[in-house]
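Below is a short report on one chain.

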Amino acid sequence: MSHTPELPERYVCTNCHIVYAGTVRHEDDTYHYSAPDECAACGSTDFVTFEQYVRHKTA
Ligand SMILES: [Zn+2]
């Protein structure tokens, strides 16, 4: 069965604004994305989704 996952959700560190692809877990034939545990650059654990981030910037 070839199943193409959707594009991973992206998350933005609210501290240094680096964008991460969400961590993928494959469960029950569906893909779940979650934010990284902490930012590799600054150690912050505060993430928003890319969509939220863009909305904040343009609002
Ligand atoms: Zn960061």
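## Around Thr-45

Thr-45 touches Asp-37 and Glu-38, leaving out residues up to four places away in sequence. Here, two residues are in contact if their C-beta atoms, placed from the backbone, lie within 7 Å. Thr-45 sits in the loop between β4 (30–34) and β5. Helices (H or I, at least four residues) and strands (E, at least two) are DSSP runs, numbered from the N terminus.

Why does Thr-45 count as exposed? Because 12 other C-beta atoms lie within 10 Å of Thr-45. The cut-offs are these: a residue is buried with 20 or more other C-beta atoms within 10 Å of its own, exposed with 12 or fewer, and partly exposed in between, with C-beta atoms placed from the backbone. Asn-15 is 30 residues from Thr-45 in sequence, and the C-alpha to C-alpha distance is 9.0 Å.

## Model and numbering

This is a predicted model: local features need pLDDT of at least 70, side-chain atom pairs count only at pLDDT 80 or more, and totals for chains, interfaces and linings use all residues. Residues are numbered from 1 along each chain as its sequence is written.

## Overall layout

The protein chain has 1 helix and 5 strands. Along the sequence, the pattern reads β-β-β-β-β-α. Of the 59 residues in the protein chain, 8% are buried. Take the contacts in the protein chain with a separation of 6 or more: residues 24 or more positions apart account for 52% of them.

## The three-stranded sheet

How many strands form the open sheet, and in what order? There are 3, in the order β2-β1-β5, and the pairing is antiparallel. Two strands pair if DSSP finds at least two bridges between them. The edge strands are β2 (19–21) and β5 (47–49), and each pairs on one side only. Neighbouring strands of this sheet are turned by 35° against each other on average, direction ignored. For such values, axes are lines fitted to C-alpha atoms, for helices over the stretch in contact, and angles run from 0 to 180 degrees between N-to-C directions.

β1 and β2 are antiparallel and share 3 bridges. Arg-10 stands opposite Ala-21 in β2. Tyr-11 has Tyr-20 as its bridge partner in β2. On the β5 side, Tyr-11 has Thr-49 as its bridge partner. The β1 and β5 pairing is likewise antiparallel, over 3 bridges. The hairpin of β1 and β2 has 5 residues between the strands, and His-17 takes a positive phi near 70° there.

## The core and Val-12

Which residues make up the largest nonpolar core? Tyr-11, Val-12, Cys-13, Cys-39 and Phe-47 do, 5 residues in all. Strand β1 (residues 10–13) supplies the largest share of this core, 3 residues. A nonpolar core is a set of buried Ala, Val, Leu, Ile, Met, Phe, Trp, Tyr and Cys residues joined through C-beta atoms within 7 Å.

Val-12 has a list of contacts beyond its sequence neighbours. Leaving aside those within four places, Val-12 is in contact with His-17, Val-19, Phe-47, Val-48, Phe-50 and Tyr-53.

Val-24 stands opposite Tyr-33 in β4. Glu-27 has Thr-30 as its bridge partner in β4. Are the residues of these strands buried or exposed? β3 is hardly covered: the count of buried residues among its 5 residues is 0. β4 is hardly covered too, with a count of 0 buried residues among its 5.

The hairpin has 2 residues between β3 and β4. Asp-28 has a positive phi of about 50°, although it is not a glycine. Asp-28 counts as exposed because 6 other C-beta atoms lie within 10 Å. Asp-29 lies in the loop between β3 and β4 as well. Asp-29 has a positive phi of about 70°, and it is not a glycine either. Asp-29 has 7 C-beta neighbours inside 10 Å, so it counts as exposed.
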